[in-house]
Amino acid sequence: MKKIYPLLWKSKVLFLLDQRALPEKKRYLACRTLKDVQKCIQRMIVRGAPALGVAAAFAMVLEARRAFDKLNSQGKGYSFTQLLKYLTLAGSILQQTRPTAVNLAWGIRRMLSKCLKLKGARPDAILSGLEQEALRIYREDVAINRKIGFYGASLIANGSRVLTHCNAGALATAGYGTALGVIRSAYSQGKITHVYTSETRPFLQGSRLTAWELQQEGIPFSIIVDSAAGYFMHQGEISCVIVGADRIAANGDVANKIGTYTLAVLARENNLPFYVAAPFSTIDLSLGCGQEIVVEERAPHEITAFRGKPLAPAGAQAKNPAFDITAGHLITALITEHGLLPAPQNGKLAQFVRQGGGTA
Ligand code: MRU
């Protein structure tokens with residue numbers, strides 16, 4: 001596999017591969033503060049739920065360094081309580097940047113709990129402990145994706161033509177990908193003959209990012225417009241659908257890129273399996289059902305213009321929910337790093353998580 005690095009941590013600086021510029025330009029932007037990371041998340045320079053969790057973890061390291069510098073410059077010296085206060089506040093602001101992707105909050109929580117464990121340590125030990133934790137989250141994510149790929153590939157029949165939506169690939173994670181990880185793994189086993197990637201209006205994660213990844217990998221693919229999915233399913237061109245997730249509620253309802261729900265309904269109508277690939281960190285058992293998930297509403301100009309070029313009459317109104325909710329009963333199986341959960345509804349998900357997974 002050609003390695004793709006959406007995030008790089010070098011000389012205590014976080015470099016993010018600018019996903020607005022792909023596939024034309026491959027450029028990295030440097031983040032030296034948590035605010036830099038926040039801006040990059042808002043602008044979709046980094047995106048995809050697991051990648052947001054990893055970016056948030058490094059943002060917390062940057063914030064801790066800033067907090068120490070600030071306390072020193074004020075001549076206040078080190079105070080653990082003050083540090084924790086700064087980190088908690090910064091984390092809660094960062095978390096609001098993209099409210100649907102639960103991995104963002106998960107990454108922040110994990111860094112805060114690491115910080116609490118470092119209470120009593122010297123400032124340099126705290127900074128290095130936090131940095132090590134962020135690096136651990138980064139490395140774990142790649143390992144988790146490979147496991148998701150391994151379990152998911154077992155669901156794919158020989159000769160499959162798979163449809164995926166948005167980008168749940170290496171770019172949306174620390175590397176390898178969730179839904180695209182399953183595709184990578186099943187393709188390497190010779191099971192996939194073709195991948196269909198829907199464009200994914202308005203940010204075009206499918207036609208720009210997933211297509212770019214598939215091309216690098218040499219996996220045969222076709223881009224289709226979002227509204228062509230039903231046509232290809234009905235023509236018998238598609239064997240199954242695999243998507244990622246931004247948040248999964250306790251009853252198995254899934255928030256993912258807008259258009260996912262439409263694909264799930266179409267898959268059911270056409271008797272096709274519909275799989276969701278996601279790590280445990282995307283499961284949010286604190287929410288009973290999908291209706292409780294906050295759906296991020298993005299700016300209308302993302303629909304009415306692309307890279308500054310108008311696509312609609314001046315002054316046209318647009319509504320831009322970034323995600324939708326797919327009911328658990330439409331999902332054939334959930335693919336996680338701890339195994340597969342078929343039909344993740346009726347309280348099965350909470351039990352699956354509590355017992356640490358298991359392949360049914
Ligand atoms: O708005 P985005 O591009 O961040 O949305 C991404 C998705 O919807 C992905 O499917 C999801 O985050 C899973 S990525 C492994």
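**Ligand site and backbone features of a predicted model**

Residues are numbered from 1 along each chain as its sequence is written, and side-chain values use heavy atoms, with hydrogens and water left out.

**Ligand site**

- An oxygen atom of the ligand lies 2.6 Å from a polar side-chain atom of Asn256.
- For Arg98, a polar side-chain atom lies 2.8 Å from an oxygen atom of the ligand.
- Gly48 places a backbone N or O atom 3.0 Å from an oxygen atom of the ligand.
- On its own the ligand has 410 Å² of accessible area (Shrake-Rupley method, 1.4 Å probe), and the protein covers 99% of this.
- The ligand sits in the largest cavity, meaning that more than half of its atoms lie within 2 Å of the cavity's grid points; a cavity is a set of points on a 1 Å grid over the protein atoms alone where a 1.4 Å probe fits but cannot get out.

**Cis peptide bonds**

- The bond from Leu22 to Pro23 is cis, with omega near 5°, and Pro23 is in the loop between strands E2 (13-17) and E3 (28-31).
- The bond from Arg201 to Pro202 is also cis, with omega near 0°; Pro202 is in the loop between strand E5 (192-198) and helix H7 (205-217).

**Positive phi outside glycine**

- Ser11, in the loop between strand E1 (7-10) and E2, has phi near 45°.
- Ser11 counts as exposed because its relative accessibility is 69% (buried is under 20%, exposed over 50%, partly exposed in between; 1.4 Å probe, protein chains only).
- Asn346 has a positive phi of about 55° and is found in the loop between strand E16 (339-342) and helix H11 (348-354).
- Asn346 has 71% relative accessibility and therefore counts as exposed.

**Val295**

- Val295 is in the loop between strand E11 (283-284) and helix H10 (301-304).
- Its relative accessibility is 29%, so Val295 counts as partly exposed.
- Not counting residues up to four places away in sequence, Val295 touches (heavy atoms within 4.5 Å) Thr100, Pro321, Ala322, Phe323 and Ile325.

Terms used:
Predicted model: local features only at pLDDT ≥ 70, side-chain atom pairs only at ≥ 80, totals over all residues. Helix = DSSP H or I, 4+ residues; strand = E, 2+ residues; numbered from the N terminus. Polar contact = N/O pair within 3.5 Å; in protein donor to acceptor, adjacent residues only side chain to side chain. 1 Å grid on protein atoms, 1.4 Å probe; cavity = no way out; pocket = protein on both sides within 12 Å on 5 of 7 lines; lining within 4 Å.
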